[in-house]
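Okay, everyone, let's get started.

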Amino acid sequence: MTLKHSYIETRQRFITLCRTLKTEDYSVQPAVFVSPPKWHLAHSTWFFEQFVLSAHKPNYKVFDIDFAYLFNSYYNNAGERVLRPNRGLMTRPTVDEVYQYRAYVDQQMLEFLSETISEDIKAIIELGLQHEQQHQELFYYDIKYILGNQPTFPTIENAIRLSEIDQPEEWHKIDEGIYSIGHDEDSFCYDNELGRHKVYLNEFEISNRLVTNEDYINFIDDQGYTNFNLWHAEGWDFIQQHGIQAPEYWHKVDGKWHQYTLEGFQEVNLKNPVSHLSFYEAYAFAEWKQMRLPTEFEWEVASKQFNYGELWEWTNSAYLPYPNYSKAPGAIGEYNGKFMINQMVLRGASVATVNGHSRPTYRNFFHPEMRWQFSGIRLVK
């Protein structure tokens, strides 16, 4: 597929994801970590305007001079911006104007892509497409939180479906030894996957499947959320402070666990993998099972032995740079490197991940308390 076709497909996909939203859904921000759909649509467009068109297309005229301030996310090198907690305060520009912005930038980009462009610029455009795919997954996290915290639990058309786990649990043995970690193929990767290096791993066994809802209910029933011995001190403080007694979106009704999904409010399917857990909860569950979470290096080495892609899988690895890691100069260098502190790595992909976006070396990362992403547990013993 050509870069131009990839651009068209990626940009159209986001519009398709939003097709059943109501106008009122586009601007809501119920929590600091949630961004409104309107913001996602505009921010992913701003990326191409900022880093491709304004920088490389002769005589390019920006759509609206204010949009760089309104829809920059965290790129200090690109100028001032609206603070993240205030993204939901913007009723203007309107949803229609944001779609006009997308159409304008798309027209300009397609003209630009019809010309001969350098490999360096192609690399920036590819990064922009990967960036937009990330925001398409974030859109699902955010719209689920927006709708899942409303009294009537609204729904949208979507293709987000977790599969039942019907295979018995088995354990794949990985021998001790020295293994190579990191991306080394002639294909796209993020800079945080580079710095391929060797690690020594002790022998371990990793589960062939994710932890199920039934497994997790057993943990809850065995007082998992009230036994402080299972928890990191910080995790214990977190669940006490926020009154957490079950995964995100779970509610007990007439003695049975129910959960909000994008298809509505329904009884928890015991065979589905348990989702929307913080690192703290994943760690406590592993302690309860007298097992542990894999390190990201164990996960990468073992990933050929099992299927993944239902949920991002918490690892017991802090998000840190690989040996010889280097950041790109300027704003592009802010993409990953400056977040390598106080975050934990997740590996794999989720049912909300765009097809082809993930790979065994992909390093996702979130703060350990975050639960709104599509996250689950795979155990090691």
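So, the secondary structure here comes to nine helices and 11 strands. Those are DSSP runs, numbered from the N terminus, with at least four residues of H or I for a helix and at least two of E for a strand.

Quick housekeeping. This is a predicted model, where local features need pLDDT of at least 70 and side-chain atom pairs count only at pLDDT 80 or more, while totals for chains, interfaces and linings use all residues. Residues are numbered from 1 along each chain as its sequence is written, and side-chain values use heavy atoms, with hydrogens and water left out.

Now, overall shape. The C-alpha atoms fill a box of roughly 65 × 50 × 35 Å along the principal axes. The radius of gyration is 21 Å, which agrees with the value near 21 Å for a compact globule of 381 residues. That radius is taken over C-alpha atoms, and the globule rule is 2.2 Å times the number of residues to the power 0.38.

What share of the residues is buried? It's 54% of the 381, where buried means under 20% relative accessible area, exposed means over 50%, and partly exposed is in between, using a 1.4 Å probe and protein chains only. On contacts, meaning heavy atoms within 4.5 Å: of those with a separation of 6 or more, 77% are between residues 24 or more positions apart.

Okay, aromatics. The structure holds 49 aromatic pairs. Rings of Phe, Tyr and Trp (its six-membered ring) pair if their centres lie within 6.5 Å; planes under 30 degrees apart are stacked, over 60 edge-to-face, and the rest tilted.

Take phenylalanine 219 and tryptophan 288: they're edge-to-face, 5.7 Å centre to centre, with 70 degrees between the planes. This pair links distant parts of the chain, with phenylalanine 219 in helix H6 (residues 213-221) and tryptophan 288 in helix H8 (residues 279-288), 69 residues apart. Phenylalanine 219 is buried at 0% relative accessible area, whereas tryptophan 288 has 25%, so that one counts as partly exposed.

Tryptophan 288 also pairs with phenylalanine 285: the centres are 5.5 Å apart and the planes at 50 degrees, so this pair is tilted. Both sit in helix H8, three residues apart, about one turn of the helix. Phenylalanine 285 is buried, at 1%.

Last stop: there's an aromatic cluster whose members include Tyr7, Trp46, Phe47, Tyr319 and Phe365.
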